Amino acid sequence: MAQLTDPVQLTWELDSIFTGGSASAEFEEFLQKLQADIAAMHQDLQNHDAPQSLEEAASLDPLIDGLQSAAAKIVEADSFVACLTAENQHDKKAVQLSGKVTSLRAAFENVMTLFQNLLRNTGDELWEMWMSREEAAPISFVLSEKRDAAREKLAPELESLASDLAIDGYHGWGQHYDTIVAKVAVPFKDNDGKLTSLSVGQAANKLEDSSRAVREETFRNWEHAWNGVADYCADTLNRLAGFRIKLYEKRGWNDILKEPLEINRMSRATLDMMWQVIEENKPVFVAYLNRKAKLMGLEQLSWSDLEAPIGESSERISYEAAANEIVKQFRNFSPKLADFSAEAFNKRWIEAEDRPGKRPGGFCTSLPVSRQTRIFMTFGGTVSNVSTLAHELGHAYHQYLMDELPQFNQDYAMNVAETASTFAEMIVADALVKNAADEKQKLSLLADKIGSSISFFMNIHARFLFETRFYERRKQGALSADELSALMEEAQREAYHGALASYHPHFWASKLHFYITDVPFYNFPYTFGYMFSTGLYARAQREGESFAAKYDALLQDTGRMTVEELASKHLGVDLTKPDFWREAMSVAVADVEAFLELTK
């Protein structure tokens, strides 16, 4: 049984991946070797035609192994650079390395385009025999998926051209947003009246402060700061959307959700059913928001009150206490999950220090070559920070379970990635509520737990509504910063059923997720993951200890089947029907009902 070392470190360690940070000669050599490998595979594929016999198909085994190896190395390089740029937004060398990795990724995408074209041109009868081979069968789902995708895209040379142009176009605009964010500073007066300058990550933590005056002042300054860069953000968002829309148009794709749904291996019917069940239950969450406002002495909550704790407690949780509590609660569900998490703390895979210069937000990133992960966040001692830490450890555990699988089968989609993280978060949140010292603490923790539900059901729904409508409007031309703000506020009013007194019009500018170029529509997968994990959690509560092994098996299958197949195989449910979603929703609704009962 793994135990936490004392003391638990707040900063991560990166030298075991590549020594020397952004100046690492080892990393430079790694990139050069990867570039050479990709070039060699590109040359090899240019000389290959689609196989005409099973013998010819079998001769591609070494090439497929090489593609999987290169894919793992691309992820390794990308993750290492992401760590460098996140820990220090002013590391210009790391930004340059990010550009290099983006170029390598684009070159690899060109190789994959050639490979997918080879798959596309393989006859159906031969394909069935090829996928039945012992060597191909374990990755047959992914290979078939790539073959089908190739049949819906442009000719290989045009897809390669688009990928090349995306380096300084599409991806370049995404990186430009990082430059904008690094320049944003939010003024803040401390307890002594001294004016300081906060990074966006530090300011975001202040929005959860127990003092309404602190939250309101921070939010005003936050909105003002983002308004100051709104035109730059609008240019960036318009260019990203314009590139994507034009590429879809050339491929003959009319539905803006076609690619994100396929990436997440889910159907539109599943997505629509999920939102339908959420809409059915929103009045319950509006009742919670109204009750919270009343408890705070307000007619309605403002945007800056959404994350506010219930009560005036300013108690902070130490990082070490958070680490111990997380490992303890994980152990109640799965010793394997607990031992892994203890090792993550002990090996310093987590960067949690609250300091200037860090990028905002939190993430977990995989290093499949090193068989490691890294977690990034800014820990300010709030209950929300504890939840974030548990959330990211859930991501890390998911990757740990995938380490022994072929690289192609490790490429699970964002929606199921959010399942593991949210499940881990739920373990901790539920335990904190159940073990509360008194009713006041229970109420506070319950409110924090419900706050997560509101984020997934209302905040992320607002993002989804905004982004869907923005893309439709963008087809007619670029939108101004003011138009984007109006569209954002309209989406928020609708998603929250008008329950708030004020909204966050510049949310479109401040939210990194709208600017990520690796994954389009970085919103609904979060809600899917939350609801899917809530349904899993309900099963875990019913089945007890035996569920942990089923849970691990489900996570290991996430890279090799659709979500509908995954739910059918491991849970025996149909995600296009309302039953599972309503069962999952009942868990969240029960929290609200308990809160309303405690406060009536």
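These legends describe close-up views of a predicted model. Residues are numbered from 1 along each chain as its sequence is written, and side-chain values use heavy atoms, without hydrogens and water. Local features need pLDDT of at least 70 and side-chain atom pairs count only at pLDDT 80 or more, while totals for chains, interfaces and linings use all residues.

**View A. Ala588 sits in helix H24.**
The helix spans residues 578-599. Helices (H or I, at least four residues) and strands (E, at least two) are DSSP runs, numbered from the N terminus. Ala588 is buried, at 4% relative accessible area. Buried means under 20%, exposed over 50%, and partly exposed in between (1.4 Å probe, protein chains only). Leaving aside neighbours within four places in sequence, Ala588 is in contact with Phe285, Ser453 and Phe457. Contact means heavy atoms within 4.5 Å.

**View B. Strands S1 and S2 run antiparallel.**
S1 covers residues 186-189 and S2 covers residues 195-198. 4 bridges join them; two strands pair if DSSP finds at least two bridges between them. Pro187 stands opposite Ser197 in S2. The hairpin has 5 residues between the strands, and Gly193 takes a positive phi near 85°.

**View C. Thr382 lies in the loop between strand S5 and helix H16.**
Thr382 is buried, with 9% relative accessibility. Its side chain reaches the backbone nitrogen of Asn385 at 3.0 Å. Not counting residues up to four places away in sequence, Thr382 touches Glu208, Arg316 and Ile317.

**View D. Phe18 and Phe80 form an edge-to-face aromatic pair.**
The model has 41 aromatic pairs. Rings of Phe, Tyr and Trp (its six-membered ring) pair if their centres lie within 6.5 Å; planes under 30 degrees apart are stacked, over 60 edge-to-face, and the rest tilted. Here the centres are 5.0 Å apart, with 65° between the planes. Phe18 lies in the segment before helix H1 and Phe80 in helix H3, 62 residues apart. Both Phe18 and Phe80 are buried.

**View E. Tyr471 and Phe521 form a tilted pair.**
Their centres are 5.5 Å apart, with 40° between the planes. Tyr471 lies in helix H18 and Phe521 in the loop between helices H20 and H21, so the pair ties together parts 50 residues apart in sequence. Tyr471 and Phe521 belong to one aromatic cluster, with members including Trp275, Trp303 and Phe464.

**View F. Lys258 has its charged end over the ring of Trp253.**
The distance to the ring centre is 5.3 Å. A charge sits over a ring if NZ of Lys or CZ of Arg is within 6 Å of the ring centre and within 35 degrees of the ring normal.

Conventions: A polar contact is a pair of N or O atoms within 3.5 Å; within protein, one must be able to donate a hydrogen and the other to accept it, and residues adjacent in sequence count only if both atoms are side-chain atoms.
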